[in-house]
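Please open the structure in a viewer and follow the stops below in order. Each stop names a selection and then describes what is found there.

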Amino acid sequence: VQLVESGGGLVQAGGSLRLSCAASGRIFTISAMNWYRQAPGKQRELVAAITSGGSTNYADSVKGRFTISRDNAKNTVYLQMNSLKPEDTGVYYCNADGVVTTIPSPKTDYWGQGTQVTVSL
């Protein structure tokens with residue numbers, strides 16, 4: 001299973017970006033797809049999560065500004081980021097949790113390589 005993120009970049013404060021993450025491989029189902037971020041010198045933190053049924057959860061710092069969505073048929077998750085702030089800067093990682101593959105595997109958790117988001121003043 002591979003996760004490939006796209007959509008990061010440099011944006012001015014107040015601007016918007018849309019991140020995408022496509023999962024590929026011998027996937028049967030994915031329970032949750034999540035976005036994490038890691039700022040320089042800080043721990044990785046959960047930004048937003050969405051279940052296969054569409055239930056969502058957000059970090060308090062992004063509520064009302066970020067929207068997570070998912071296309072189950074394409075095994076793709078999106079993160080629409082509006083009203084970006086400099087403190088949103090970091091590497092954003094896609095995570096697929098509770099992955100069931102068509103070939104039995106003990107591994108159920110996968111990560112993308114990360115995409116850089118930089119918000120300037």
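Select Ser-83 to begin, in the loop that runs between strand 8 and strand 9 (90–101); strands (E, at least two residues) and helices (H or I, at least four) are DSSP runs numbered from the N terminus. Although Ser-83 is not a glycine, its phi is positive, at about 50°. Most residues other than glycine have a negative phi. Ser-83 has a relative accessible area of 41% and is therefore partly exposed, a class that lies between buried (under 20%) and exposed (over 50%), with a 1.4 Å probe and protein chains only.

The model is a predicted one, in which local features need pLDDT of at least 70 and side-chain atom pairs count only at pLDDT 80 or more, while totals for chains, interfaces and linings use all residues. Residues are numbered from 1 along each chain as its sequence is written, and side-chain values use heavy atoms, with hydrogens and water left out.

Next, select Asn-75, in the loop between strand 7 and strand 8 (76–81). Asn-75 is not a glycine, yet has a positive phi of about 50°. Is Asn-75 buried or exposed? Its relative accessibility is 18%, so Asn-75 counts as buried.

Move to Thr-67, which belongs to strand 7 (residues 66–71). With a relative accessible area of 44%, Thr-67 is partly exposed.

Now select Cys-21 and Cys-94, which are joined by a disulfide with an S to S distance of 2.1 Å. Under the rule that the cysteine sulfur atoms lie within 2.5 Å, the count is one disulfide. This pair links distant parts of the chain, with Cys-21 in strand 3 (residues 17–24) and Cys-94 in strand 9, 73 residues apart. The torsion about the S-S bond is about -80°, so the disulfide is left-handed. Cys-21 is buried, at a relative accessible area of 0%, and Cys-94 also counts as buried, at 0%.

Turn to Tyr-36 and Trp-111. The whole structure holds one aromatic pair: Tyr-36 and Trp-111 are tilted, 4.9 Å centre to centre, with 55° between the planes. Rings of Phe, Tyr and Trp (its six-membered ring) pair if their centres lie within 6.5 Å; planes under 30 degrees apart are stacked, over 60 edge-to-face and the rest tilted. Trp-111 is partly exposed, at 36% relative accessibility.

Finally, show the whole protein. It has zero helices and eleven strands. Its C-alpha trace spans about 50 × 25 × 20 Å along the principal axes. Buried residues make up 42% of its 121 residues.
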